[in-house]
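The sequence and the structure are shown first, and the description follows.

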Amino acid sequence: MNVQDAHLSLLDFSGQNAGIGISIELIKRLINDQLQRLSGHFSHLESNQRFKNTLKVSFTGDFDTAGLAFRFVNVFNPADANEFFPQVQLSGLKLKIKGFLEEKQVVEIEVEYAEINGIIQLLDKHIKISLFNEVHNEINFVKNWENEDQLKQFFENEPYNFVADDWNQLVVYFKATSLFSARDIAEAFIDSLRLPDIFKTFIGIKFGENAKLGADQSGNLLMFTADSSINFNNCPTFNATGRTQVNSVSKVKNGDNTSYTIGNAPEHSNLIVETTIDQNSQTLHYPVDGNIEKISTGDIFLFTPINLLRVNFDVVKPSVTASDNGSFGPVYWHYSVTAAVKSINLDLTSSWPIEFKLSLPTEVTGQAGAGIKIGCIRYEALGAMFDGQVDPFDISFKIYLDWGSKQIVFISKIENIKGHDFHFRTFPDLSFPISDIVDSILAKASENVITEQAGKILNVTRIPIANLDLVNRFATLVNALAGESDGLGNVTMGVKFQSN
């Protein structure tokens, strides 16, 4: 199905929740593949009832699917319907049953199903095909004892002593079995058809209550939605690529824009620390190389509204606290710093590859100190309160098909990050040897807040969205991705499957 059509249908159907679409064509292929595999044999099903209360009865059987046909009926979703149950219809199925009495084959029965009608239901967020009704006819009934003298004599001799009335009762017994078991067999046949667990496939989305089932206007796409949120509890597919590397510059701002190190700063100056990420840092690059082939059609689709992403990325809002300490000979230092995201803005920046930019301007506050340790006694010589900004703080993430793990994933990188305007209020005045290590203290403070916060956000945005291996067991995944977005930033992604 075309991804553009799927996007418009899922947008209308799902609203502000995530939505899943699966093409009718894929369902047909999956069911037909299973039906061909179901053409086979069941053996030695023993009856829980005995003939004449003593003689053991059992059955074997074969499904003949040579003339089997399958189609969808009633797949259109009426606009005013409270519930929607698309139907599937099988026709041309034949069942050949052999009946045994005391381990001797006594009858052959052939049943033809003109129709077996099932309905697709959404039960507790699981797709299930259930029997609706069936129409069958007995087209052949062979009494083996009429053609096999030895079999007839076996039951007419001791200890069975069959007479004509016993043979008549045996016919009635097996015809009744055929009559009453045909529906049960049809129900078991329909129940054996399995569809992929769609909700479990999309592991990056938590689907809650109010699950519903629908179809698009063309009848080509079944759709599912429920109250949803992003599942940040999944283990990241890609872990953060080591410690974020940063460069720090300490200086003071004067009227002539002359820069000094903090240790040599004039008295009563406004101390500034600027921090940026080193261009060689791996966190500035996506951890996966190569481009994904774009296709325009798919079989399974996930719709993600931009507001769902915006609301759920609030997971990065809680503040991050970092602290450190150290010493240079007798001189010791320490600091603690807290960073809190001031606002979150999420925008779609590229329709292909599907890419978003998450902007997180962050405010920093903290305190630091330094002194001299003589023996077991510490003399605090410097205290500092400070605040600053990490802005811009932009993280880009894109949707990627990880072919090795058969997963659709969010992968992320730092796009742009800079710490600046770290204002320090020190007391008392700086003096040697404390002034020589203040650069290190304040630079480390600004570096650590960026390192801690960036590492946290990179981890939570590197998450698997869909585990396509669950569907890959039924059909073969194509190494390509379909994608569609609109002007609002709502996105639909899709994947395609080939028949096994």
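Strands β1 and β16 pair in the antiparallel sense over four bridges; two strands are taken to pair if DSSP finds at least two bridges between them. Within this pairing, I20 stands opposite L302 in β16. The model is a predicted one, in which local features need pLDDT of at least 70 and side-chain atom pairs count only at pLDDT 80 or more, while totals for chains, interfaces and linings use all residues. Residues are numbered from 1 along each chain as its sequence is written, and side-chain values use heavy atoms, with hydrogens and water left out.

The open sheet is formed by seven strands in the order β10-β11-β1-β16-β27-β26-β15, and its pairing is mixed. Strands β10 and β15 (294–295) stand at the edges with a single partner strand each, so one side of each is left without a neighbour in the sheet. Helices (H or I, at least four residues) and strands (E, at least two) are DSSP runs, numbered from the N terminus.

Helix α1 covers residues 3–14, twelve residues in total, and reaches 16 Å from its first C-alpha to its last. This is close to the 16 Å expected at 1.5 Å a residue, where the expected span is 1.5 Å times one less than the number of residues. At the start of α1, a side-chain oxygen of N2 comes to within 2.8 Å of the backbone nitrogen of Q4. Just after the helix, G15 takes a positive phi of about 65°.

The buried residues of α1 are V3, A6, H7, S9, L10, F13 and S14; buried means under 20% relative accessible area, exposed over 50% and partly exposed in between (1.4 Å probe, protein chains only). These buried residues pack against β1 (19–23), β10 (212–215), β11 (221–225), β16 (300–304), β26 (481–485) and β27 (491–495). The helix lies across these strands and runs at about 40° to β11. Such angles run from 0 to 180 degrees between N-to-C directions, with axes being lines fitted to C-alpha atoms, for helices over the stretch in contact.

## Aromatic rings

A search of the whole structure finds 17 aromatic pairs. Rings of Phe, Tyr and Trp (its six-membered ring) pair if their centres lie within 6.5 Å; planes under 30 degrees apart count as stacked, over 60 as edge-to-face and the rest as tilted. W145 and W167 form a stacked pair, 4.7 Å centre to centre with 25° between the planes. W145 lies in the loop between β8 (126–143) and α3 (149–156) and W167 in helix α4, so the pair ties together parts that are 22 residues apart in sequence. The rings of F162 and W167 have their centres 4.9 Å apart and their planes at 70°, so this pair is edge-to-face. Both F162 and W167 are buried.

Ring pairs link F51, F59, W145, F154, F155, Y160, F162, W167, Y173 and F174 into a cluster. Y173 lies in helix α4 (residues 164–191) and counts as buried at 15% relative accessibility. Leaving aside its neighbours within four places in sequence, Y173 is in contact (heavy atoms within 4.5 Å) with S47, Q49, R50, F51 and V57. Y173 and F51 are 122 residues apart in sequence and 7.7 Å apart in space, C-alpha to C-alpha.

## The chain as a whole

The secondary structure of the protein chain comes to eight helices and 28 strands. Of its 500 residues, 49% are buried.

Conventions
A polar contact is a pair of N or O atoms within 3.5 Å; within protein, one must be able to donate a hydrogen and the other to accept it, and residues adjacent in sequence count only if both atoms are side-chain atoms.
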